[in-house]
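Me: I have a structure to go through. Can you take my questions as they come?

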Amino acid sequence: HCKECGRSVDRLDHHCPWIDNCVGLGNQRSFYCFIVMLLSTIVTFYYGAFLYLCDVIFPMMTQGSVGGLVHSLALGAVGPELRTLLVLVASLFNLVWLAFVGALVARHSAYMAM
């Protein structure tokens with residue numbers, strides 16, 4: 001029995017706020033596919049961020065213009081540097097989601113194997 005929505009669910013796992021529904025025997029496979037796709041999307045984001053790092057940041061480091069990047073960000077003169085800052089901030093923020101969704105996929109993989 002789900003405490004959130006008051007329904008009886010076979011093999012209740014939890015009430016998921018993302019899908020606003022109970023996860024149980026009837027929809028566990030669909031929920032698992034949803035979180036695996038979410039994890040693959042986050043991993044694809046990090047692949048794109050890695051490519052950006054290799055194409056933009058590493059060449060800037062070899063040219064010695066990282067100090068110029070930090071200086072222009074400190075002065076508030078954001079132009080092309082804003083893109084780099086957004087990628088770094090988004091990457092840091094998504095680490096939380098990567099850990100959470102990764103743990104959720106691992107948990108449900110183990111739970112579905114039982």
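Me: Which residues make up the largest nonpolar core?

Reply: Cys16, Val23, Phe31, Ile35, Ile42, Tyr46, Val101, Leu104 and Val105, nine residues. A nonpolar core here is a set of buried Ala, Val, Leu, Ile, Met, Phe, Trp, Tyr and Cys residues joined through side-chain atoms within 4.5 Å. This is a predicted model, where local features need pLDDT of at least 70, side-chain atom pairs count only at pLDDT 80 or more, and totals for chains, interfaces and linings use all residues. Residues are numbered from 1 along each chain as its sequence is written, and side-chain values use heavy atoms, without hydrogens and water.

Me: Which elements give two or more residues to this core?

Reply: Helix 1 (28-63) and helix 3 (81-113), with helices taken as DSSP runs of H or I, at least four residues, numbered from the N terminus. Helix 1 gives the most, four residues.

Me: What does Ile42 touch?

Reply: Leaving out residues up to four places away in sequence, Ile42 touches Asn94, Trp97, Leu98 and Val101; contact means heavy atoms within 4.5 Å.

Me: Switching to rings. How many aromatic pairs are there?

Reply: Three. Rings of Phe, Tyr and Trp (its six-membered ring) pair if their centres lie within 6.5 Å; planes under 30 degrees apart are stacked, over 60 edge-to-face, the rest tilted. One of them is Phe31 with Phe34, tilted because the planes are at 40 degrees, with centres 6.3 Å apart.

Me: Is Phe31 buried or exposed?

Reply: Buried, at 3% relative accessible area, whereas Phe34 is partly exposed at 35%. Buried means under 20%, exposed over 50%, partly exposed in between (1.4 Å probe, protein chains only).
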